[in-house]
Amino acid sequence: MKHFVRPFLMSAALCAATFLPAHAEMDVVRLKATIEKSVEADYPKLDALYKDIHAHPEIAFQEVKTAAKLAAEMRALGFEVTEKVGKTGLVAIYRNGDGPTIMVRTELDALPMEEKTGLAYASHDKTVWNGRETFVAHSCGHDIHMASWVGTAKTLVGLKDQWQGTLMFIAQPAEETVSGAKAMLADGLFTRFKKPDFGFALHDGPFAYGSISYRVGIGSSNSDSLEIMFHGRGGHGAAPQRTIDPVMMAARFVVDVQSVISREKDPTEFGVVSIGAIQGGTAENIIPDDVLLRGTIRTFKPEVRAKMLAGIERTAKAAAEMSNAPAPDIKITEGAKAVMNDPQVVATAEKVLKAAFGDKFRTSPPGTPSEDYSEFVNAGVPSMFFNIGVYEPERFVAAINGTGPELPSNHSPLFAPVPKPTIETGVTAMTLAVLSAFDQHARGK
Ligand SMILES: [Zn+2]
Ligand SMILES: [Zn+2]
């Protein structure tokens, strides 16, 4: 009964171990072609879904309409959908006989920023977030992930006589605030529903479409957020001697904190501090009472993280002391932990994806952005997290060679994936990855 995928994948594994390399590789290539044909046929619908979600993005924990759109798509495919898991999250289950449960995750949320791509389907939407009005945009490409997620579900359902087990497709809120995964877990993701045996997730990035990058081991960084309130004493800008100027302290801190990176941290270890927001003051001639700084701290290793946190605290206190000001309030909020890819899940998917994508499937160094997918890994789901490119290969090569402009990255207001080849690669790669895990499990019995 399960005669289609399994012989293809088995022969790929066999060939890697023993013989018949050319033959086996062709089999995976044929499977890939079958999947691509199915995606091509589904693409108009996926394109419409992508552009609708792109034009109407929703921010962390406000993803009500987005979740409803995905719920409708998954129900139409025959999934059993539970809504409002972790506030706005979704769990969609598809049972197809005995076998492992495999999780595929997408994010739902967009970013509080203005899109400036000028695309016909660009977002012009606004919302209120943290008490302020803001534009909203899918500048991280989570809309690409959602379209790929629905496409993968559709493709796997279409191939359902080729695998056995359960699909657990989850749509997670609030990835950008690294709180959605925790919210879903706290709401019983792995107790109300069966904990999956394996998990997969993908993220897009500013490299060539059709290409996939992955990592063995550390896949993303630890992320902590930083909030420092410098307290001064406000007064007239023309009489600074009667004030304690918190703008001065903030400015000094922003510059000096970088010496923690350059002088205290081992230069061969990864660590970044970026200040993304400075809030203080109302007019040119008023020294404010307080200034608030917000930033992000990224590291791979716990010992580097500890050293950086200590250095940041010391620098902030020193900046205040130099101004004879009270000690600042320093708040460090632990965010996502580094995503660790599981060596076995990666090894299984690697064989198939390598045979399918050739040298367009390659390893890359750990990524410096962070991901709360790590929550699922740390809850005990061996996983593979990989990246897909979004731009025309020629533009990417030109940007690398310096013969063309730099390409906008995720979180840029100009981030503009080319939808069709990006989503098609996302669906094809994710479908093959999931099939590889089902196949490996079936053969392991
Ligand atoms: Zn992002
Ligand atoms: Zn993202």
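Biologist: What spacing do the donors of the zinc ion (ligand 2) follow along the chain?
Modeller: They follow C-x1-H-x60-H. Keep in mind that this is a predicted model.

Biologist: What makes Cys140, His142 and His203 count as coordinating the zinc ion (ligand 2)?
Modeller: Distance. A donor has to be an N, O or S atom within 2.8 Å of the metal. Here the SG of Cys140 and the NE2 atoms of His142 and His203 sit at 2.1 to 2.3 Å, so they count as donors.

Biologist: Which residue coordinates both the zinc ion (ligand 2) and the zinc ion (ligand 1)?
Modeller: Cys140 does, and the two ions are 3.0 Å apart. Cys140 is also buried, as is His142.

Biologist: Why is Asp47 called buried?
Modeller: Buried means under 20% relative accessible area. Asp47 has 17%, so it counts as buried.

Biologist: What makes Asp47 and Lys51 a salt bridge?
Modeller: The cut-off is 4 Å between a Lys or Arg side-chain nitrogen and an Asp or Glu carboxyl oxygen. The closest N and O atoms of this pair are 3.0 Å apart, so it qualifies. Both residues lie in helix 2 (residues 21–55), four residues apart, which is about one turn of the helix.

Biologist: What makes the pair of Arg294 and Glu227 a salt bridge?
Modeller: N to O is 3.4 Å, so this pair is within 4 Å too. Arg294, in strand 14 (residues 290–299), and Glu227, in strand 10, are 67 residues apart. Arg294 has 35% relative accessibility, so it is partly exposed. Glu227 has 27%, so it is partly exposed as well.

Biologist: How many salt bridges does a search of the whole structure find?
Modeller: The search finds 24. Arg105, Glu107, Glu371 and Asp372 are linked in a network of them.

Biologist: Which residues touch the most other members of the largest nonpolar core?
Modeller: Leu70, Phe79, Phe169, Met384 and Phe386, out of 63 residues in that core. Helix 12 (residues 419–444) gives the most to this core, with ten residues.

Conventions
Residues numbered from 1 in each chain as written. Chains lettered and ligands numbered in written order. Predicted model: local features only at pLDDT ≥ 70, side-chain atom pairs only at ≥ 80, totals over all residues. Heavy atoms only, no water. Donors = N, O, S within 2.8 Å, 3.2 Å for Na, K, Ca; no water. Buried < 20%, exposed > 50% of the residue type's maximum accessible area, 1.4 Å probe, protein only. Core = buried A, V, L, I, M, F, W, Y, C linked by side-chain atoms within 4.5 Å. Helix = DSSP H or I, 4+ residues; strand = E, 2+ residues; numbered from the N terminus.
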